[in-house]
Amino acid sequence: MRTEQPQVIYLKDYQAPEYLIDETHLTFELFEDHSLVHAQLVMRRNPERGAGLPPLVLDGQQLELLSVQLDDQALTAGDYQLDADSLTVQPKTERFTLDTSVKIHPESNTALEGLYKSGKMFCTQCEAEGFRKITYYLDRPDVMSTFTTTVIAEQHRYPVLLSNGNPVGDGPAEDGRHWATWEDPFKKPAYLFALVAGDLWCVESEFTRQSGRDVTLRIYVEEENLDKCDHAMVSLKKSMRWDEEVYGREYDLDIFMIVAVNDFNMGAMENKGLNIFNSSCVLARAETATDAAHQRVEGVVAHEYFHNWSGNRVTCRDWFQLSLKEGFTVFRDAEFSADMNSRTVKRIEDVAYLRTHQFAEDAGPMAHPVRPDSFIEISNFYTLTVYEKGAEVVRMVRTLLGAEGFRKGSDLYFERHDGQAVTTDDFIKAMEDANGADLTQFKRWYSQAGTPRLAVSEAYDAAAQTYSLNFRQSCPQTPDKAEKLPFVIPVELGLLDADGNDLPLQLAGEAEAAGTTRVLSVTEAEQTFTFQGIAAKPLPSLLRGFSAPVKLSFPYDRDQLMFLMQHDSDGFNRWEAGQQLSVQVLQELIGQHQRGEALALDQRLITALGTVLGNETLDAAMVAEMLSLPGEAYLTEISQVADVDAIHAAREFARQQIAEQLFDALWARYQANRDVSRKTAYVAAAEHFARRSLQNIALSYLMLSAKPQALEAALEQFEHCDNMTERLTALAVLVNSPFEAERAKALDAFAEHFKDNPLVMDQWFSVQAASTLPGGLARVKALMLHPAFTLKNPNKVRALVGAFAGQNLVNFHAADGSGYRFLADLVIELNALNPQIASRQLAPLTRWRKYDDARQALMKGELERILASGALSSDVYEVVSKSLA
Ligand code: B3K
Ligand code: ZN
C-alpha cells in the first residue's frame, strides 16, 4: 500500500547499475505459517560505473530481515540502513559476497506477486518487480546472474519441488521434510526466477531438436487435470519446431517445464525453463474447453516458449523497453498461429481486437507510447499498446524490409545481443545493419502515442490514364504530447478493375509494372502517389492485411464496398469491406434511433450477407467472420459521443432483421454443419474450428427469430453435443433468449454437471454476466454470492466482473449509474487484496470522456470516490489519478 507520494520513474533517468551480481544462491525453507529465504549473492562493482564504492542499495519489500553478512562479517543494525523499499550496505571491496536471511508470508499473499500460495501449492510470479518481495536484491532486468536454488519443504504435502534450470540433487531432510536443488547456468534477471512446490502430477514427453539432442518436456498439474494436458503438449512441440524453422532458434536447456496454477494475475509467465501458467491457458480438452480456449492455449504456450529467445536469452535493459520482448513475441506467436490455422482469420481476429481495445486505450487518459517515457507502477504498463501495438510495429518492420530482410535482422539481433539486456533501439539497429536500411523516422512508432489517421482521396485522369492517391496523415494529441511528427506508414494496396481483377501497378517514373499488390511508404504529412497505364478508373483496395495500425478513411460508397466484399483478392480486405458497410448501415440506424424515427435497415446489407452465406466455396470461418457485425465496443470506440442505448438498439435491430430475412439460408447452413458435428468426433484443428464457428453464429441468429424450430435446435445442440464449443454457444443463446424456463433449466444442468471444474464454471459466470437482457447488475450481484465465486481468484473476477463491465455495455452503463457504483466498490475492495487486478478492472471507468454529460459526471464521481477511499496501491492510484487529470 502507498504510504508516501508515489514516485514517477523516467526513462531519461536510466543509469546502469552500480553493482552486478554474478552468482545467486538461494535456499527456501517453506512452512505453513511463514517461509525463510537465505540468499548468497556473489557481487562486484560494475566497471561501467567507474571507480569508488558507493553504497549498495538493494530492493526489498514486505521482508522481515533476520540477518545480513558481508563476506565474513555479520552486520549489526548500525552497519546497514533499512526502509520499506530497500536495504543499504557499504561494500569495502570491489568483489564481495553478501548473505541475507529473511522471513516472508506466502500463505497470506493475496496480491499473487512474489512467492504465494495457489490452493495447496507454492508458486511465484516475479515479473516485473516481484522478486523484491522474496529477498533483498538488485531487482532490475539489467542485472543478470546465474542461479542455484534449493527448496526444502514437507515431503508429504509438497512431493514436487521445482525451480529454473536443471535438477542437480535431492534427498530427505529432518522432520519429514525433503530438499531439491536446481541450477540455471544461463544468466538471467531476477524477474525470470521461479519456484514451485506442490503435490503435482506430470505429463512427460520428448522433443528432438534440429541438432539431434533430446529435450524432456513436462507439464505439471493437479491430479484431476492430467487428462487435459495433451493439447498444450502438442502445441509446445509445434512451437519448438516452428521457432527452429522460421527463426533458426533452438531450445537450450535439457528440460522444459510448464506448471498450471489456478490463481494467476495474467495468462502465463516465461520463467527460464519453468513456465508458470494460469490453468486457463494450459488445460484443454473437448468436453471442457471451447475452440477459442484451445486456440488460446496454443497461442499462449507458443508465446511463452518463444520468450526463451525474445525475452530470456535477449532481455530488456529496463522496463521502458517492455515491448522489446512483448511486442516482438506477440508478433511471433501471431505468425505461428497464422501458420497453424487460417492466416486470414487470425489476422481478422487480431485486428478486430486491436481496433476495439488498443485504439480505445490510445485515445484515453492512459495512452502511452509503445516505449513509455515514464510510469508510476510498471504493472500498469502490460498494456494493449505495449503488446498488441508493439506487435504491429514489428510487423511493419517486416513489411518494410521483406521476409528475408527481416530474418537477416532477427538473426543479427539474436547473435549480437545473446546474453544481454538491451533496448528497442538495439532491435531496430540490428534490423538496419542487416539490411543497410535507415529506420530513423520509423522509430517514431516507439516514441509517439496515439492512433494516426490516414485520409485518402483519389483522382483519375482519363486522358493521361493516370490514377493518383493522395494521403494525409495526422495524429491526435495524447497526454504525453500535443504535436506529432509524421510516421512511416506502410500502405499495402491493390487497384481493382471493373471485373474485380487486380491491375498491374506501375508508379509514375517506373519503366514497368511491378506486381499487383505493393507497399507504399507514406512518410510525409501529405503525399501523392500516381499510377500510370490505368485505362479506366479503378477501385482501390487500401491497407491490405491491415498493413499499419492506423484509422484509414476513403470515401467508399456502399455499392463499392459490396463489390470489394466479393472481389478483393485480399481476404482481410474482403472482410474489412463488409465491416465498413456494416458500420455505415449501423451508424444510420443509430441516427434514426436518436431522432426517434422508425428504424429502417439498408437492404444492401442483407443482400451482401446473403451472398456470403450462399457462397459454399468460401472458408466457413470467413463466412462466420463476415456474418459478425462490428461489436458494441467497437461502435463505441468510433463514436464521437457514444450513445450506449442507441448503439445497442441499432445493432440488435440489424441482427434481428438478418435473422428474419436470411432465416432459410441460416437454417440450411446450420443444419448442414451441425450434421457434420454430430457425426464427427471433436478435433482441435482449423477446418473444424471453421465449421463450428459458422454453425454457432448461424444458431445465434436463428434464435433471434424465436421460432420453435430454433429453440428446438438450440436444445438439441445443448443436450447432444460432445464438446464445450457447441454446448457453450447453445447455453449462451438460451441465456439471451426469451425462453425463461429453458434458460433456467440449461443453466442448472450445466452448473450441476461442471460444478467441480473451476474453468468451466468461469464460462458459466461469463455467459450470464454478458447477457444484455434487463437486470444485468442484479444477476451479477447474485452470482457473486454463488459458492464457486471468490474475489481472491483473478479468473473469477474476470469471468464475472470483467465480462459485465467490458461486454455488457447496456447494463454496465445503466443511466442511474448503478453499474459504475458497483465497479467502484469492487475496485476499492480489490485494491486491498490484489492491486494488479483492481487496477485492470478500472479500465471501463477510465473511458468516461466518451459518454454523454450525465454519464460522464457519474463515472467521474466514482473515480473521485475511489481516489478518496483511503490508502491506494500505486497501481490503482496511477490509473485513477491519470484518468481524472
Ligand atoms: N511476461 C509475462 C507478463 C507478466 C507481467 C506481470 N505483471 C507474460 C507474458 O507476456 O508472457
Ligand atoms: Zn509475453
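**Figure 1. Pairing of strands E2 and E12 in the predicted model.** His25 stands opposite Thr148 of strand E12 in this predicted model. Strand E2 (residues 19-30) and strand E12 (residues 145-154) run in the parallel sense and are joined over seven bridges. Both strands belong to an open sheet of eight strands with mixed pairing, ordered E6-E5-E9-E3-E2-E12-E15-E14. Its edges are strand E6 (73-74) and strand E14 (166-172), each of which pairs on one side only.

**Figure 2. Two aromatic pairs.** The structure contains 42 aromatic pairs. Tyr19 and Phe96 form an edge-to-face pair, because their ring centres are 5.7 Å apart and their planes meet at 75°. This pair connects distant parts of the chain, with Tyr19 in strand E2 and Phe96 in strand E9 (residues 95-104), 77 residues apart. Tyr19 is buried, at a relative accessible area of 1%, and Phe96 is buried at 3%. Phe131 and Phe193 are also paired edge-to-face, at 5.3 Å centre to centre and 70° between the planes. The two residues lie in loops 62 residues apart.

**Figure 3. Helix H26 and its buried side.** Helix H26 (residues 853-867) has 15 residues and spans 21 Å from its first C-alpha to its last. Its buried residues are Arg855, Met859, Glu862, Leu863 and Ile866. They lie on the same side of H26 because they cover an arc of only 100° around the axis. The face turned away from this side carries the exposed residues Asp853, Ala854 and Ala857. Among the elements covering the buried residues are helix H13 (644-661) and helix H27 (874-884).

**Figure 4. Charged groups over aromatic rings.** Arg655 lies over the face of Tyr701, 5.9 Å from the ring centre. The charged end of Lys707 is placed over the ring of Phe663, at 3.9 Å from its centre.

Notes: Residues are numbered from 1 along each chain as its sequence is written. Chains are lettered from A and ligands numbered from 1 in the order in which they are written. This is a predicted model: local features need pLDDT of at least 70, side-chain atom pairs count only at pLDDT 80 or more; totals for chains, interfaces and linings use all residues. Side-chain values use heavy atoms; hydrogens and water are left out. Helices (H or I, at least four residues) and strands (E, at least two) are DSSP runs, numbered from the N terminus. The expected span of a helix is 1.5 Å times one less than its number of residues. Buried means under 20% relative accessible area, exposed over 50%, partly exposed in between (1.4 Å probe, protein chains only). The arc is that of the directions from the helix axis to the C-beta atoms. Contact means heavy atoms within 4.5 Å. Two strands pair if DSSP finds at least two bridges between them. Rings of Phe, Tyr and Trp (its six-membered ring) pair if their centres lie within 6.5 Å; planes under 30 degrees apart count as stacked, over 60 as edge-to-face and the rest as tilted. A charge sits over a ring if NZ of Lys or CZ of Arg is within 6 Å of the ring centre and within 35 degrees of the ring normal.
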